[in-house]
Amino acid sequence: MASPPIPDSPLLEAVSSITLEKGTRDRFVANISPEWCTQHSVLGGYLNALILSATQKFNALEFGEERFLDPIHVFVQFLQLVPPGQVIVTCKRLRVSSRQCVVSVEVARAAVSGNPSTTATLGIVTCANLSEEEGLTQHSKPAFAVPLPNRHTECVKIDDPVVDSTPVTSKLNWISPKSTNGLWGHRVGGHHREVWVSFRDGSRISDLLHLAMLSDMPLQPAATHQAGFYFKYALSTLCMTVEFKKRPGPSTQWVMIRSNSHMVSNGRYDVNIQIFNEGGDLLALSNHVVYVSELRARVRGAKL
């Protein structure tokens, strides 16, 4: 019996649908669907993937289809929340060498009612060609050498309502070790967290742009450190970086996202993220700075 066809990737279709603004070679228009949102705005990881998609299209116009195919690193600074709807993405070449190019990218909310567009997100993208990289390679045993948890025997499906509470988180299957105290991902200890993810629609994690989005979907160390966290606090990411180590295989369905925070202090914390395939190969590294704000009780009679 033939296997069912693998669905196309909704993420790649969405971020690749950006169009060149008429009369320009560096400005693109994108319409972002609410399906890529958290409770109140577009997921930062989706904006990251959109920035990379625009960079690839810009590079193809500037240098041709075969040069600088792959993002190898991206820094993203979030300035304002981005609601779903139209955005303008502007690219600018910063540096070009024989091996790499660096592009700055601005994502601006479209002008409304005569008000000028406002820059909401900034990105700095370094591109190269992963298949042509060569040079010094060193193999070493990591200090943190705990094997990945077995998805079938050591993990269970996360049944916390929080995973279905937003459109974008409900797109994923979440499989994680569960501790005896009911908290998720606490197999290793401290602020280390582990979760296996895949897309519920069966589409594959086959592109670097998938890793760009998933790098913003770990188990948050602070949020999984205490029960009922999201009833008391809100999180906002100040900035993030992603370094791409390896392109995922075309049939990749599951990846492991490991996250760790070195210090949660005074309403701010760091997140270090590693993304692995099922074979244990490191695909990407990411670092975030996250702010925590306490939710205020709604005053009686206040407007919703």
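Mentor: Asn266 is found in the loop between strand E12 (264-265) and strand E13 (268-276). Strands (E, at least two residues) and helices (H or I, at least four) are DSSP runs, numbered from the N terminus. This is a predicted model, in which local features need pLDDT of at least 70, side-chain atom pairs count only at pLDDT 80 or more, and totals for chains, interfaces and linings use all residues. Residues are numbered from 1 along each chain as its sequence is written, and side-chain values use heavy atoms, with hydrogens and water left out.

Trainee: Is Asn266 buried or exposed?

Mentor: Asn266 is exposed, with a relative accessible area of 80%. Buried means under 20% relative accessible area, exposed over 50%, and partly exposed in between (1.4 Å probe, protein chains only).

Trainee: What is the phi of Asn266?

Mentor: The phi of Asn266 is near 55°, a positive value in a residue other than glycine. Phe68 also is not a glycine and has a positive phi, of about 55°.

Trainee: Where does Phe68 lie, and is Phe68 buried or exposed?

Mentor: Phe68 lies in the loop between helix H2 (44-63) and strand E3 (70-78). Phe68 is buried, at a relative accessible area of 5%.

Trainee: How much of the chain is buried?

Mentor: Of its 304 residues, 44% count as buried.
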